[in-house]
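Below are some short notes on how the chains of this model meet and how one of them is divided. Please read them with the structure open.

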Number of protein chains: 4
Amino acid sequence: MIPRYSRPDMVAIWSPETKFRIWYEIEAHACDAQAALGVIPKENAEAVWTARDVEFDVARIDEIEAVTKHDVIAFLTHLAEIIGNDEARFVHQGMTSSDVLDTTFNVQLVRAADILIADLEGLLAALKRRAYEHKDTVRIGRSHGIHAEPTTMGLTFARFYAEMDRNLSRMRDARAEIATGAISGAVGTFANIDPSVEEHVCDKLGLVPEPISTQVIPRDRHAAFFATLGVIASSVENIATEIRHMQRTEVLEAEEFFSKGQKGSSAMPHKRNPVLTENLTGLARLVRGMVIPALENVALWHERDISHSSVERNIGPDATVTLDFALARLTGVVDKLVVYPETMLANMHKFRGLVMSQRVLLALTQAGVSREDAYRLVQRNAMKVWEEGKDFKTELLADAEVTAALTPEQIEEKFDLGYHTKHVDTIFARVFGEA
Amino acid sequence: MIPRYSRPDMVAIWSPETKFRIWYEIEAHACDAQAALGVIPKENAEAVWTARDVEFDVARIDEIEAVTKHDVIAFLTHLAEIIGNDEARFVHQGMTSSDVLDTTFNVQLVRAADILIADLEGLLAALKRRAYEHKDTVRIGRSHGIHAEPTTMGLTFARFYAEMDRNLSRMRDARAEIATGAISGAVGTFANIDPSVEEHVCDKLGLVPEPISTQVIPRDRHAAFFATLGVIASSVENIATEIRHMQRTEVLEAEEFFSKGQKGSSAMPHKRNPVLTENLTGLARLVRGMVIPALENVALWHERDISHSSVERNIGPDATVTLDFALARLTGVVDKLVVYPETMLANMHKFRGLVMSQRVLLALTQAGVSREDAYRLVQRNAMKVWEEGKDFKTELLADAEVTAALTPEQIEEKFDLGYHTKHVDTIFARVFGEA
Amino acid sequence: MIPRYSRPDMVAIWSPETKFRIWYEIEAHACDAQAALGVIPKENAEAVWTARDVEFDVARIDEIEAVTKHDVIAFLTHLAEIIGNDEARFVHQGMTSSDVLDTTFNVQLVRAADILIADLEGLLAALKRRAYEHKDTVRIGRSHGIHAEPTTMGLTFARFYAEMDRNLSRMRDARAEIATGAISGAVGTFANIDPSVEEHVCDKLGLVPEPISTQVIPRDRHAAFFATLGVIASSVENIATEIRHMQRTEVLEAEEFFSKGQKGSSAMPHKRNPVLTENLTGLARLVRGMVIPALENVALWHERDISHSSVERNIGPDATVTLDFALARLTGVVDKLVVYPETMLANMHKFRGLVMSQRVLLALTQAGVSREDAYRLVQRNAMKVWEEGKDFKTELLADAEVTAALTPEQIEEKFDLGYHTKHVDTIFARVFGEA
Amino acid sequence: MIPRYSRPDMVAIWSPETKFRIWYEIEAHACDAQAALGVIPKENAEAVWTARDVEFDVARIDEIEAVTKHDVIAFLTHLAEIIGNDEARFVHQGMTSSDVLDTTFNVQLVRAADILIADLEGLLAALKRRAYEHKDTVRIGRSHGIHAEPTTMGLTFARFYAEMDRNLSRMRDARAEIATGAISGAVGTFANIDPSVEEHVCDKLGLVPEPISTQVIPRDRHAAFFATLGVIASSVENIATEIRHMQRTEVLEAEEFFSKGQKGSSAMPHKRNPVLTENLTGLARLVRGMVIPALENVALWHERDISHSSVERNIGPDATVTLDFALARLTGVVDKLVVYPETMLANMHKFRGLVMSQRVLLALTQAGVSREDAYRLVQRNAMKVWEEGKDFKTELLADAEVTAALTPEQIEEKFDLGYHTKHVDTIFARVFGEA
């Protein structure tokens with residue numbers, strides 16, 4: 001995570017200020033629950049809330065931690081400085097540091113998930129708009145990078161929409177995976193604290209109580225969460241790769257937006273680099289690389305070891321900040337992508353009708369020509385196109401053996417692009433619920 | 001995937017026989033749909049079903065492929081040999097090889113998912129049984145590999161149950177991810193085949209039509225599928241690691257089942273190795289390693305390139321066969337795990353009550369002793385235990401300063417294991433829906 | 001590893017026959033060393049060699065293993081059946097199964113490395129030949145997929161040569177990493193066997209003794225080995241990606257070899273798919289995915305646990321067989337790649353000289369034109385090329401402001417391709433040691 | 001990379017100040033070389049060096065970049081502000097931004113490598129010291145976590161030494177991999193700059209010229225570099241795992257250093273957590289996760305795309321800073337590890353001599369007892385130890401059938417620890433070059 005690839009809202013989730021604020025809320029809500037149980041005095045619980053609007057002093061907490069060597073104790077000490085030692089003396093009672101730390105981490109991940117969900121929704125809106133805009137913009141479909149049959153740019157956007165819509169659904173599942181909290185003590189037995197405290201705190205924080213925890217919330221949840229980020233990042237790469245291909249000099253069916261005044265663009269108009277989508281390709285690699293450490297974090301020793309912690313202190317912010325940035329950047333790219341329908345047509349016609357050769361072959365056999373003869377007829381005309389630069393349809397219309405089997409109208413019909421786009425509405429209805 | 005780590009049902013899904021059988025069903029159902037549309041004659045569609053009970057001759061198909069260099073054509077040729085050339089002439093009409101191959105792959109993955117779901121259900125049953133069996137078997141909970149507070153073996157099994165139950169839910173989601181089929185043509189436009197054919201075939205095969213495909217079904221689905229296998233494998237490692245720890249000589253709280261008669265065991269009774277769970281640890285690494293290639297498969301070029309194919313020909317069978325084997329092996333290990341409750345107690349008492357020092361500390365402060373004094377009192381008695389091998393409770397009872405603050409009954413109570421197990425029923429109710 | 005992506009020599013290394021043959025040699029050489037020490041009778045050591053030319057009966061060994069549940073004992077039993085029980089009674093004395101298994105694995109990896117080294121040498125020869133063949137074949141260099149400045153196809157081959165030459169060097173280092181053997185007993189102390197036995201066996205097998213082993217050879221060696229395979233696989237992907245780009249319809253600067261008679265090619269001459277290089281891209285993903293499990297294998301517990309074994313039983317064959325196949329396939333692709341120099345020139349001129357705009361800009365400023373004016377001059381002519389399809393050089397020669405600063409000869413010179421190729425010999429000399 | 005897991009020297013390598021300083025040096029040396037060629041005036045080259053001792057103003061450069069949107073231009077503009085516009089006008093002539101950026105990245109990696117090499121040397125010194133200190137400290141060797149045969153703590157340190165010594169060698173190779181520079185222009189043809197400039201700059205920076213580059217230095221080099229960091233990180237995990245095992249409550253053969261006064265330690269003397277080595281385990285996962293993105297960076301499109309850049313901006317600092325921190329932390333842990341030889345002996349005797357059962361078995365057969373009888377004899381005495389808590393040697397000495405075959409002296413000898421340590425000197429000589 002570096003500033004260059006970061007956005008402030010996501011970064012803020014991982015700031016010390018946010019962290020201490022969540023710690024505070026957990027402690028305060030826990031005090032309420034303890035007071036309700038009669039474990040601690042009501043007035044002490046209420047006293048904690050006097051710090052409700054206080055900005056915690058991160059530097060001061062760090063200062064205390066430098067002495068106590070314990071972050072939670074440092075925070076509690078600072079809290080006591082604010083609300084009074086006496087008032088603070090029941091704060092954290094019966095709790096373990098992990099209760100606070102693990103629940104906080106999940107609150108942060110939930111908030112990060114909410115941003116990512118909003119990012120995906122924004123991306124979906126852009127993709128949908130561009131899909132309808134280019135619903136009928138014909139371009140050649142390619143398998144293996146080679147011209148196959150016509151499709152439309154709208155279908156390209158639509159399939160990315162469908163893919164990102166699945167990712168939205170996966171992201172919501174991933175959010176649910178980590179929307180749990182635990183206040184269950186040193187080994188998860190609630191020996192020193194009643195389960196109702198956990199229930200109250202989780203309820204207030206928008207979490208559900210972890211059904212069974214140890215000292216920590218089980219890490220298969222986080223593994224599933226980060227694996228989902230890896231899938232989404234790979235989809236980002238998928239769209240980015242398509243755009244990079246479209247922008248390459250020989251294809252030039254689209255370009256990342258380039259402001260008119262931008263220096264360098266007009267003296268070298270051919271040299272507009274798809275640097276944003278290339279960058280997205282790299283960011284996808286980064287997020288993907290964090291999946292493995294998250295998976296390796298699952299097998300902790302007994303009721304917990306702390307090996308997961310250093311991993312999560314890094315990939316927690318890094319993966320969410322990077323993916324947030326990538327989704328936002330991709331949304332901008334999609335939104336402003338400059339599409340060149342004329343080049344799309346020109347590319348499709350690069351080989352003067354040859355992409356229709358398969359349809360002609362089929363038509364001949366359906367007209368009763370043997371498979372071998374049909375093949376021979378198509379081949380000899382295709383070769384004239386390929387080697388001599390002729391036009392395929394013109395050659396077919398001039399080939400007596402071909403016209404003996406197919407009328408000129410039938411031949412013309414094989415080159416009708418409408419044949420390929422006739423089901424676009426059907427597909428749009430499937431994807432968007434409406435054509 | 002090697003025989004040593006394979007089970008026959010899962011292997012069978014990936015056999016050529018199974019593959020050709022699915023190909024056949026796709027082609028036959030597609031013919032029905034084409035006939036219903038009036039595209040091909042009804043009698044030709046019916047003729048295809050005459051091969052319904054035929055075992056396809058894999059060697060013969062290979063022989064044909066050696067000539068045609070095309071697997072689908074080889075199969076269709078063989079099919080024509082069985083049902084007659086004339087009858088077969090409309091088979092595959094309007095379809096693309098990928099329509100058959102991709103839909104087949106998903107049928108195989110769905111079947112594999114069904115086995116994995118059954119595996120997980122079997123594992124859950126074993127974990128639940130052992131959890132109730134050892135619900136009250138007290139053992140020491142450990143953080144950082146160090147004794148912390150008591151818990152029970154039942155809770156250990158219960159947390160693995162909860163984790164695997166989440167995995168069951170993830171596996172069902174993963175199954176839904178890849179339970180789609182596509183018969184949409186060379187670039188997914190249905191140019192040469194009506195969408196109703198896809199709908200009919202998918203319906204018959206238990207799939208849903210892919211809303212929008214290109215030449216292939218989008219690979220984010222498969223990425224999510226294999227990522228889920230990676231999460232489950234990591235949970236397998238988690239349980240395996242716990243058992244490996246329990247079996248190590250110094251701990252010996254449990255052992256993988258070892259048949260009485262097994263040679264070597266009784267001459268070296270100390271040397272029973274947890275080889276099954278070590279093996280499971282390795283298998284988890286294998287499955288996890290396949291997540292990255294699956295994620296890299298998402299970004300195909302344009303309407304498809306074939307780079308994903310070699311990956312999937314390997315990880316399709318490898319990941320599912322390995323995980324199936326691992327889950328089954330783990331179920332056996334859990335089912336027959338030899339648990340040693342006496343050793344659990346002995347281990348817990350290794351430091352003669354010291355694990356209760358925190359409770360005593362807390363009790364002293366609650367009894368009005370200052371934090372510093374309480375600490376000093378606990379410390380001086382703890383040191384006698386640690387350095388001189390004394391018993392903690394005995395020392396406390398003999399310490400006048402301690403007994404000035406706490407009655408013998410109060411001291412005794414701090415060593416009551418019931419304090420730690422009082423919420424086991426609550427937790428079981430959360431995990432299993434009943435205590 | 002599946003037959004489709006395998007070559008027989010590499011597969012043979014991993015056959016049971018090969019494995020048992022290496023076991024035999026280790027045991028026989030160990031007997032020699034033991035006899036030399038006087039630990040066992042010379043005649044018994046000699047007797048072992050009577051099996052020198054015997055093919056071991058794998059089915060028989062499997063049969064015995066089904067009873068003994070121990071592979072090494074099964075083999076030794078079978079060996080005794082061949083050379084006589086009495087003669088065999090000192091075989092394996094003082095040794096541990098791991099001594100045989102681990103040393104054998106390394107022998108197999110060394111042999112695999114030798115094949116991979118030969119593969120790389122073959123690939124290098126092909127790359128070098130093609131580099132010299134196309135040393136002066138000018139094509140446009142591209143950054144970001146966008147035309148930049150001219151280069152030559154020979155330089156493209158040369159840089160792949162240099163990269164694969166580095167891989168050859170890495171592969172030799174990787175071979176050295178795992179060319180060790182260990183016959184050091186249950187925990188590596190040589191308690192039951194003299195170190196000289198290890199030295200003798202290693203010497204005979206072309207290995208060096210592992211300086212310090214536990215029950216196993218340390219796995220950082222294997223991690224480094226498989227990581228190297230991952231690097232080489234990524235280089236395979238690098239070359240494959242270049243070729244896939246060159247073959248795409250709009251670029252078409254080269255094609256994978258396609259036999260004239262191959263059906264389908266001439267009726268759809270535009271549809272020749274780079275399936276081999278796409279396949280190589282997938283194979284690279286597979287090999288890369290095996291790096292992580294190999295790295296995870298390093299941290300075994302104490303003097304060994306067996307978690308690495310299931311990983312290596314898979315990735316040992318899989319990674320080496322896949323990379324061998326990939327290197328051989330790539331060599332064929334490079335060797336027979338059909339290169340289209342005319343298309344290269346045509347592509348370079350796609351924008352009628354615009355790629356030279358930067359040189360013109362520089363020339364103008366060097367001729368004393370201010371940066372702003374030079375930019376304006378280049379821009380207005382570039383725009384005519386870009387928007388009106390004019391030729392850049394023609395426009396410049398017709399622009400009075402330009403010709404006021406530069407003579408026609410100077411302008412002509414800016415479009416001279418020799419400017420870009422003048423250091424090709426220098427670079428070739430650096431790469432190949434000669435121009 | 002977060003401050004918590006960072007050390008200042010390594011962090012400094014990745015600061016903007018360091019980066020600009022290297023940029024400056026490259027530009028200044030390039031000017032010298034250009035002047036020597038007569039391409040630019042000598043006085044301009046000399047003028048550049050007037051900034052030799054200037055601290056570049058990072059904020060000012062950022063300010064300029066905010067306008068120019070180009071980092072290298074921003075720097076050059078700032079440089080001109082310092083040395084004068086006129087003097088600066090030949091700086092960077094003929095060069096491409098990548099020439100500066102890529103060469104700088106390699107300079108940074110080389111410096112990082114130098115720190116990592118020093119780290120490894122420090123770790124090796126600590127391991128060697130501890131190895132000799134505990135050369136004869138006997139402990140039980142364990143396979144599968146189960147007692148096997150005796151070894152010594154010195155051998156444990158020695159094998160980690162040997163492993164890290166291999167890593168030192170790998171790190172030196174990795175340093176050589178990326179110790180290259182390139183000043184070869186937009187596509188690597190030296191069209192606009194003479195190769196001698198590259199040679200001069202590289203020479204001054206301690207690099208060798210990249211034999212053939214494109215716009216960038218080939219990324220297989222960096223892949224190999226980061227893969228090596230992944231191997232080393234896995235070795236860190238290996239040592240950390242051993243220590244974590246040694247410190248667990250039931251084993252307690254060693255502990256991470258714990259200062260006497262540290263609060264909490266003496267009231268709960270059993271609760272000293274191996275948090276440093278657990279942390280190292282997590283850090284190893286992080287570094288390992290960066291290997292895959294580095295491998296994915298190899299296959300750039302044509303003469304470069306910029307996808308690698310965002311990856312490297314992260315993993316460049318992250319991997320080196322994390323590994324530096326980990327190696328330093330591990331060195332501290334090894335250096336101060338508290339070793340408990342008495343516990344080692346106590347653990348070894350946990351099963352009262354049973355670990356010697358195999359030696360006894362062998363001795364009996366060598367004394368002429370049949371394999372079956374020997375097994376029966378060992379078994380019946382072993383069972384008394386295992387089930388009744390007897391001492392193995394005592395039982396054997398009291399078993400008439402055993403003493404019929406072996407004298408008391410022979411039985412005693414089987415329990416002699418010297419048998420197991422007799423080759424420690426040999427192994428030390430192999431590892432350290434001297435016993």
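1. In this predicted model, chain A and chain B touch through 61 residues of chain B and 61 residues of chain A. Contact here is a matter of distance: the C-beta atoms, placed from the backbone, lie within 7 Å.

2. On the chain B side of this contact, several elements each supply at least two residues. Two are strands, namely strand 1 (138-143) and strand 2 (146-152) of chain B. The helices are helix 8 (153-177), helix 10 (220-247), helix 12 (291-296), helix 20 (418-421) and helix 21 (424-432) of chain B. Helix 10 of chain B gives the largest share, 13 residues.

3. What classes of residue make up the side of chain B that touches chain A? That side has 26 nonpolar, 20 polar and 15 charged residues.

4. Chain B also meets chain D: 36 residues of chain D are in contact with 36 residues of chain B. On the chain D side, two or more residues come from each of strand 2 (146-152), helix 9 (220-247), helix 10 (275-289), helix 14 (357-366) and helix 15 (371-388) of chain D. Helix 15 of chain D has the largest share of that side, with 6 residues.

5. The side of chain D that touches chain B can be sorted by class as well: 17 of its residues are nonpolar, 12 polar and 7 charged.

6. Chain A is split into domain 1 (3-88), domain 2 (97-347) and domain 3 (354-414). Between the C-alpha centres of domain 1 and domain 3 of chain A there are 79 Å.

Conventions. Residues are numbered from 1 along each chain as its sequence is written. Chains are lettered from A and ligands numbered from 1 in the order in which they are written. This is a predicted model: local features need pLDDT of at least 70, side-chain atom pairs count only at pLDDT 80 or more; totals for chains, interfaces and linings use all residues. Two residues are in contact if their C-beta atoms, placed from the backbone, lie within 7 Å. Helices (H or I, at least four residues) and strands (E, at least two) are DSSP runs, numbered from the N terminus. Ala, Val, Leu, Ile, Met, Phe, Trp, Tyr, Cys and Pro count as nonpolar, Asp, Glu, Lys and Arg as charged, and the others, Gly among them, as polar. Domain bounds come from an automatic or database domain assignment.
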